Amino acid sequence: MNANDFLKDPRFKGIEPFEKKVWLASPTMHGEEQKWVDEAIRTNWVSTVGENINEVERQIAEYVGCSYAVGLSCGTSALHLATKLAGEKLYGQARPERGTLQGHKVFCSDVTFDASINPVAYEDGEAVFIDTEYDTWNMSPEALEKAFELYPDVRLIVTAHLYGTPGKMEEIKKIADAHGALIVEDAAESLGAKYRLGGKWVETGTLGQYNCISFNGNKIITGSAGGMFLTDSKEDADKVRKWSTQSREAAPWYQHEEIGYNYRMSNIIAGVIRGQIPYLEEHIAQKRAIWERYEAGLKDLPVKMNPWDREKSSPNFWLSCMIIDEDAMAPMVRGEQDYLYRSQSGKSSPQEILDAIAAINAEGRPIWKPMHMQPIYRSNAFVTTEGSGRGRSNAYIAGSGIDVGADIFRRGLCLPSDNKMTAEQQDRVIEIICNCFR
Ligand SMILES: Cc1ncc(COP(=O)(O)O)c(C=O)c1O
């Protein structure tokens, strides 16, 4: 069905598409970015050194409350080097053609973007996916505990804060400490989100031994690209800076004792980030207002917004999401690349709502498909609160339960969350969602 056909449905009559697309989360420029980019070009500092890089490293370290921030080409490169650093710390330096995690399992967030956990494979490790909890849609501490029962030798955890909502880090850190495990924290989506640890408010990006953020174009602030490794360890910061610039030694010629990468941030990208940093808090306030308007506008529907722990966290509200109550789910099936659903009175489904949103020229998105369901990782272990999440169904047992990650993917969706969306535009998005349930 195309957009025009969709809007012919009597439920949507009279709702007009937006002339200009309303995005899920697009860059918001303020003008100062241009100044710092121009300055870099004017002074010819357009490579991977320069004042913009120095400044954004200083300002982000100060904002987040860590000693060192290392500017990198993207969040993925930050996560790769963070994961490699953890692997080297745990298992020693690897030969150049091998990863540091070869022969080792790593416990990983399951409902996240694949860039969080692909670095485990880059380093030849094996990801074991940990199921999600319903309170914050992040790694379940209970499932993590179960995973340590099944795989007591594991010493590394990679955990993300989905959609800018901090996970249950107090519990996860306690479990990690009890098992002598290190944490790679993926705060790519959560820059500016706060968490109360031991009664003290801290920023996400300071909660693991190896912490990463992203300035991808869709993030809360952007450099068009870019990422950072955050740490209190000078030794780790120096190592990441070295690895990111092809692992050059202090010699007059190109001399290499370790494998290297071309992962350093450019001074042009850093200029864009430098112009964005003053607007981080403003973006968070706008995103929070969007989340709250959705909560109010959808309150009479059989749906809930993406949850967060109001006592222990303050998200950055990067993406607003909703989840449909089970008994209001209309039939919907998803294949590998396509989907099919049926409309039912008083009910709806994520794909129907996403089609309705697309029909008015706005952008939503399914919940990130869990890693344990991805074809590439289908043979990796997956652990729920009940133990292994693999091979649980049985021809002789009726109705075996669905795991939490798969359930949130099935019933949830990400809503247009662009901080330039006006209240009137958001009202129209809310109206079309309400009409899906008519
Ligand atoms: C959770 C998460 N981790 C990692 C990344 C990767 O960051 P980048 O795109 O900067 O490489 C992203 C987003 O892009 C992300 O959402």
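## Ligand shell

A residue counts as near a molecule or strand if its C-beta atom, placed from the backbone, lies within 6 Å of it. Of the 15 residues around the ligand, the ones that come nearest are Cys74, Gly75, Thr76, Ala188 and Ser214. Helix H4, which covers residues 75–91, gives the most to this shell, with three residues; helices (H or I, at least four residues) and strands (E, at least two) are DSSP runs, numbered from the N terminus. By class, the shell around the ligand has six nonpolar, seven polar and two charged residues, where Ala, Val, Leu, Ile, Met, Phe, Trp, Tyr, Cys and Pro count as nonpolar, Asp, Glu, Lys and Arg as charged, and the others, Gly among them, as polar.

The model is predicted, and local features need pLDDT of at least 70, side-chain atom pairs count only at pLDDT 80 or more, while totals for chains, interfaces and linings use all residues. Residues are numbered from 1 along each chain as its sequence is written.

## Two domains

The chain is divided into domain 1 (3–27 + 280–386 + 400–436) and domain 2 (32–279), with bounds that come from an automatic or database domain assignment. The C-alpha centres of the two domains lie 28 Å apart. In all, 37 residues of domain 1 are in contact with 44 residues of domain 2, contact being defined as C-beta atoms, placed from the backbone, that lie within 7 Å. On the side of domain 1 that touches domain 2, the largest share, four residues, comes from helix H10, and this side has 21 nonpolar, twelve polar and four charged residues by class.

## Strand E2 and its partners

All five of the five residues of strand E2 (residues 105–109) are buried, so this strand is largely enclosed by the rest of the structure; a residue is buried if 20 or more other C-beta atoms lie within 10 Å of its own, with C-beta atoms placed from the backbone. Strand E2 runs parallel to strand E3 (residues 126–130) and is joined to it by five bridges, with Phe107 opposite Val128. Strand E2 also pairs in the parallel sense with strand E4 (residues 156–160), over two bridges, and here Cys108 stands opposite Val158. Two strands pair if DSSP finds at least two bridges between them.

## An open antiparallel sheet

Four strands form an open sheet in the order E10-E12-E18-E15, with antiparallel pairing. Strand E12 (residues 321–324) pairs with strand E18 (residues 412–414) over three bridges, and Cys321 stands opposite Cys414 in E18.

How values were computed:
Buried ≥ 20, exposed ≤ 12 C-beta atoms within 10 Å, placed from the backbone. Contact = placed C-beta atoms within 7 Å.
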